Amino acid sequence: MKYVDEYRDGRVAQKIVDEIKRTVTRPWVLMEVCGGQTHSIVKYGLDNLLPAEIELVHGPGCPVCVTPLDMLDRAHAIARRPDVIFCSFGDMLRVPGSNGDLFQLKAAGARVEVVYSPLDCLKIAQANPEKQVVFFAIGFETTAPANAMSAWQARELGIRNFSLLVSHVLVPPAMAAILDSPDNRVQAFLGPGHVCAVMGYTEYEPLAERYKVPIVVTGFEPLDLLQGTLMAVRQLEQGRAEIENQYARVLSREGNTVARRTVSQVFEVADRAWRGVGVIPQSGYRLRAEFSEYDAERRFDVEQITTREPAVCISGEILRGLKKPHQCPAFAGECTPQTPLGATMVSSEGACAAYYNYGRHLVNIEREAAAARS
Amino acid sequence: MCLAIPGKIIGFHDKLGVRMSKVDFGGVTREACMDYVPDACVGEYVLVHVGFAISKVDEEEARRTYQYLEEMDQLQEIYEGADRGASEGET
Amino acid sequence: MALAIECPLPVMGHKQVVIGHGSGGRLSAQLIAEMFLPAFDNEILRRMDDQAVLNLDRARVAFTTDSFVVTPIFFPGGNIGDLAINGTVNDLAMSGAQPLYLSAAFIIEEGFPMDDLRRVVESMALAAKTAGVTIVTGDTKVVNKGCADKLFITTAGVGLVPEGVRISAANAKPGDAIILSGTIGDHGMAVMSQREGLDFEGALTSDTRALYRLVRAMLDAGEIHALRDPTRGGLAATLCEIAKTSGAGIDIDACAVPVRETVKGACEVLGLDPMFVANEGKLVAFVAAGDAQRILDAMRALPEGREAAIIGRVTDRHPSMTIVRTEIGGSRVLDLPFNEQLPRIC
């Protein structure tokens, strides 16, 4: 596949790794923001190719992981209604709320549909005029243009039995929250390539400036991540703190202005709660007043939600890069992809699931080595 | 986040009032909404996320980046020289 | 005068299966006589007993059962009937047994189109003939609308294991070469491409086929320790199961695993990993290292093994674990998938 295969070339990967080894002189902590980047790093075993001085910490780049518990419970309450067809991306099906997940609701008879594009929901709404079709509009800025289009077209086509349950989150405020934390150890970022394909990277320039951290906007294939790491390490070694664009084949500084225009016509910035982190001001999207009739939160009066987080889950600390999954007492014991306690284990992007599926043997080797030392 | 894959535009059509195109991914085709890349043409590559093209792939830029990566061995010496020069220049 | 409550139309005159076709009366008899018998025709079946009495000599008998509930019923490359025959034949063949006799029980939802049933039955007849097996006994039930998803088929199969052949997952041993008979992910993606909303077009075809001929050629060429066909859960599930059962460690080279370009494209778009996608016409073999090349050559001489490749080795390091050397030289642990993979956007 063009533009995919060549970025998985092992020979070139080794060259970049060698160059990183030649460049690095002391330990550095880098964070890749996006869950898709985490997935790629762990799937290709990138972190065990890098020299020991480089520590990769996994960021909160998983909109599935950070969807707040009360929003999930609200989604589940709406999905339970017999007049509702609840549409969602596959990612959200197994995320546990306070009482089970969408998959279990579906098994119990609720009408839950996995959709691959937000436009599919409009088709479903047209085909089922007697039902209310609700779309769980989650995601980072990357998905906002698609989600916005569904609301826009619903209005254009006069589709009244459709609404969105919006849980959009934004990356720059999350990065600022991480950098503001007194425990922060992150010294450079691999920025979210697809978010920036939509938004551009002008919002990241003030972050690099204010916090003096290099931010390299990076793609998702192994060579992209390696090159992004090399660029970040070079900046760190040279004492620079700038924005660089590793993913130039796909994005520019301004991003996609057409997409951003539609997004700003449908959504506006608002405060949002992030699961495990708390409320980050101005860190999410909500529907603008002109589209309020498509807001599922208004359309459906859901009774008081009482949320219940498992006490042992440290998803929040993991999302902020403060802890690694295997440092959680429940990891691989009480908490597994089959029996997840928090969203970082359910979502395949979540740091905990990625560790569990791909990296466990390294942890075992580490544990054995540590036991031998003590 | 966020899964987006490059594919080649095969042709255009309309659906639900939006401009769509058939996009080829390694031999399978799927439709995607083209409203956000209005200047994309047949034969060009776009990045598709949840059934929407969100960006075009810049062929020239891709070639430049890849060539740079491939030639990393030769470039290494240039950088080593530059870094040594820079550090010697600092007081 | 009592009204006879029976349908006077011959089976072929019904456009849909009705409850009466499963109730053991005349309609049932008609369905069997006009649909199943002509298709599966053989001497044993013609006797129309409740069981088939088989002459099996004194050899070791391989015996298997399986259920088929795939939806959609028809997909590119085959249908539920092909899966039923080939799947059962392959389960037997994975022990080295020559598959001989099958049973086929049908649970049909009321209202199922008769033409569709005929298509499935004819596919089964052809698949059985190709695989060299006979369907010697069967059953038919019809349930009320909504009580079954269109059509379920349950099979059982028996075969004979030749003298001296001992194949088992537990027998994989360090040094063994691991051979995969062809491309992975074809079946799962072909079925998925038919599901509502996906609308993939082009070249995604199920790989359903019988593998006994391939196994026979492999047995003639060298020593096989373990064999399995990677169906649900994909190649990954099969490798993990064998690693756990045998206690051996498995090393896989990701670059050596063949995947069709179209399957790869579809998987990339949906965020799926071909290693976890179902196959219906492939096998994985753990063979004595010295025989690997000879066995590989024998496989490649047949159409069903044309793309066979050595994809890894059994090791005594990391017991019970499967580790993949990735395309870029890193390593990752392969683990049993917990759930069915779902398409993702993240």
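## Model and confidence

In this predicted model, local features need pLDDT of at least 70 and side-chain atom pairs count only at pLDDT 80 or more, while totals for chains, interfaces and linings use all residues. Residues are numbered from 1 along each chain as its sequence is written, chains are lettered from A and ligands numbered from 1 in the order in which they are written, and side-chain values use heavy atoms, without hydrogens and water.

The model scores ipTM 0.89 and pTM 0.87. Chain C has an average pLDDT of 90, and 93% of its residues score at least 70; pLDDT is the predictor's confidence in each residue, from 0 to 100. Over residues 1–7 of chain C, pLDDT stays under 50. For that stretch the model has three contacts (heavy atoms within 4.5 Å) beyond four places in sequence. Where pLDDT is low, the predicted coordinates should not be read in detail.

## Chain B

Chain B holds two helices and five strands. Their order along the sequence is β-β-β-β-β-α-α. Helices (H or I, at least four residues) and strands (E, at least two) are DSSP runs, numbered from the N terminus.

Chain B has 91 residues, and 48% of them count as buried. Buried means under 20% relative accessible area, exposed over 50%, partly exposed in between (1.4 Å probe, protein chains only). The accessible surface of chain B is about 4,300 Å², with 48% belonging to carbon and sulfur atoms; the areas come from the Shrake-Rupley method with a 1.4 Å probe, and for residues only the protein chains shown count as cover. Of the chain B contacts with a separation of 6 or more, 29% join residues 24 or more positions apart.

## Helix α11 of chain A

Helix α11(A) covers residues 222–238. At 1.5 Å a residue, its 17 residues should span 24 Å, and the end C-alpha atoms are 24 Å apart, which agrees. The expected span is 1.5 Å times one less than the number of residues. The helix is mostly covered, with 15 of its 17 residues buried.

## A hairpin in chain C

Strands β12(C) (residues 322–325) and β13(C) (residues 331–334) run antiparallel, joined by four bridges. Two strands pair if DSSP finds at least two bridges between them. Val324(C) has Arg332(C) as its bridge partner in β13(C). Five residues lie between the strands of this hairpin, and Gly329(C) takes a positive phi near 95°.

## Salt bridges

A salt bridge is a side-chain nitrogen of Lys or Arg within 4 Å of a carboxyl oxygen of Asp or Glu. Arg74(A) is partly exposed at 21% relative accessible area, and Asp70(A) is partly exposed at 31%.

Asp207(C) and Lys282(C) meet in a salt bridge of 2.9 Å, N to O. Asp207(C) sits in the loop between α5 and α6 of chain C and Lys282(C) in the loop between α8 and β10, so the pair ties together parts 75 residues apart in sequence. Asp207(C) is buried at 10%, and Lys282(C) is buried at 7%. Arg209(C) bridges to Glu304(C), with the closest N and O atoms 3.9 Å apart. This pair links distant parts of the chain, 95 residues apart. Arg209(C) is partly exposed at 34%, whereas Glu304(C) is buried at 5%.
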